[in-house]
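I set out to record what I looked up here.

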Amino acid sequence: MKFLFILLLSISISCAKSNDTCYSVQLTSFKFKKNSTYDFAAHNYPKSCRLISFSNINSIRCGCYEKYNKARKALKKLAKKYPKPIIVNTYKYRFQKKVKKVKKVSKKPQKKNIPKVIPVLHEPLHVSKEVTQKETASFFDDISYQGNINLTLQSYMKAPAGKEKQNALISANFEAKYIKENFTGFAKARVQQDYYDLLNTEKHTNRSFIRLDELYGSYDFENDSVLIGKNILFWGALEVRNIVNVFNPDELRSDPFYTDKLGVINAAYTHYTESGEFSAIIKLYEQNRKMPAYPYVYYYFPATLKVAPNVTLPLVYKEELKTKASRYRPSIYLKYSDTTDTEYALDYAFIFENGYDSQRYYTQTLQADNTVTTEENAYLVNKFMTYDTLVIGATLYKLEATFADILDDTLVSDYIHVGIGAEHTISQVYKEADLGLLVEYYRYITLQSGKKDDLALFELFQNDLFLGLRYSLNQGNDASIVGGGIFDLDYNEQVYYMEYQTRVMDTFKLNFDYRYISPSKNYNTAFKLMGAHERISLKLGYYF
């Protein structure tokens, strides 16, 4: 592992930006067989865009800019039409146009009857008020909107007794972005309505809410930017579990098999280097989290707790985060990330955190009204993290690793959590379809004995192997099938899943997934608390 870290670092240092490179906005990248044809013109990309080929990986990159701030301005314009563009470092020669030889035309005047031109005095050009108003951008011209509405239907063939066997959920996400010169304002909201909450019966799940995920403003300078507000960040590289994606807490009322993060209020300063960026971020507080009600399948606590041989009391989740210091104690993050434009494409990031750990544990407290409450506990850490991807030929290598030094809690051990993986792509296995072979391994290690271990902390990926396949149809509708198995090598647990997704008429998305969980029989894991589990899920989304 130490050798892998040194290798990644040495490669990144040796790949410095030269005068032959520039900044470009990458719209997308994809696997494509080198000798096959790609209809670039059919996609109607902007004139500044080029199709760039790296071995078996192609990308669409737009513009070649000497300064980073110009690339940032181009990024903002392209982001209105293309989802999640990024700035990359690329070679200038890829954007040079071939010069065509033009036959010289004689300048000798032709013998034609040319009418005599009478010179006139040109007065200042006058533009009508109507034309001026049309050409002057209004406030609303700088705002872009997008969103989606989703209907999710789930059926549980195997689920704990007393839990719902079916579930229906309507959700909507709405985004608005305002861009004016160097300033960007962004807002994102989510609405969720559960069917049982709507009926208001005993089987209600408390999963319905209106939530403001993001609301921030950012301003770009020459090589720097500042951001203040509420937002969501994504860090990570692996397929099944992102170990270092710790900035935002998880929403406990959502489906645990899909990422749903809560926005946090923070202030961030970013400095852009030749090919990467350095960020200093201050998260202002740790928030309380709501929990679904007992009838929901993914509420993991029992309804009652046995406190004495003949005494059983109701167990209630208490929405209050317990900390030794104030939960308004800021958490500080320092992050450096970079990318290389070489034959072996390398992306890497290093993060240091001083603040509250994303890992939590639960404690129970007996109350005066003869109920037992369970609360989340948070503690302070110094945390060192990295996530990296390296492309060699048709194989993508992935690494996520973290080391946590616990500062203020004697119950939790210092720990190391590592995930490594690889994805090898076989191009055009059937017509235009590609097949990806996936393998990942996760290891969680506590460094002090006598303290809470992975079982007490409900850590699922402590010694797990993932084997899977990704089948991409490449038919222009983003259709793909991903599936595989996760095998716990310590506790003899297996998780199998298959997910199919596609896009219909550019405005609808269809997602189907199947999951089966065989929990441990001898150890009290998180899956053991849930019991044997089998479900199917169908999600239909309308995007606008």
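For the pairing entries I take two strands as paired if DSSP finds at least two bridges between them. I note that the model is predicted.

Entry on strand pairing. I looked up strand 5 (residues 143–158) and found 13 bridges to strand 6 (residues 166–180), the two running antiparallel. I recorded Gly-147 with its bridge partner Phe-174 in strand 6. Strand 5 also pairs with strand 26 (residues 533–543), in the antiparallel sense and over 10 bridges. There I found Lys-158 opposite Glu-534 of strand 26.

Entry on disulfides. Cys-22 and Cys-64 form a disulfide with sulfur atoms 1.9 Å apart. This pair links distant parts of the chain, 42 residues apart, with Cys-22 in strand 1 (residues 21–31) and Cys-64 in strand 3 (residues 57–65). I noted -115 degrees about the S-S bond, a left-handed link. Cys-22 is buried at a relative accessible area of 1%, whereas Cys-64 is partly exposed at 32%.

I then looked up Cys-49 and Cys-62, which form a disulfide with sulfur atoms 1.9 Å apart. Cys-49 lies in strand 2 (residues 49–54) and Cys-62 in strand 3, so the bond ties together parts 13 residues apart in sequence.

Entry on His-417. I located His-417 in strand 20 (residues 415–430). His-417 is buried, because its relative accessible area is 3% and the cut-off is under 20%. Its side chain reaches the backbone oxygen of Phe-461 at 2.9 Å. I listed its contacts beyond four places in sequence, among them Arg-241, Glu-400, Tyr-444 and Glu-459.

Terms used: Residues numbered from 1 in each chain as written. Predicted model: local features only at pLDDT ≥ 70, side-chain atom pairs only at ≥ 80, totals over all residues. Heavy atoms only, no water. Helix = DSSP H or I, 4+ residues; strand = E, 2+ residues; numbered from the N terminus. Buried < 20%, exposed > 50% of the residue type's maximum accessible area, 1.4 Å probe, protein only. Polar contact = N/O pair within 3.5 Å; in protein donor to acceptor, adjacent residues only side chain to side chain. Contact = heavy atoms within 4.5 Å. Disulfide = S-S within 2.5 Å.
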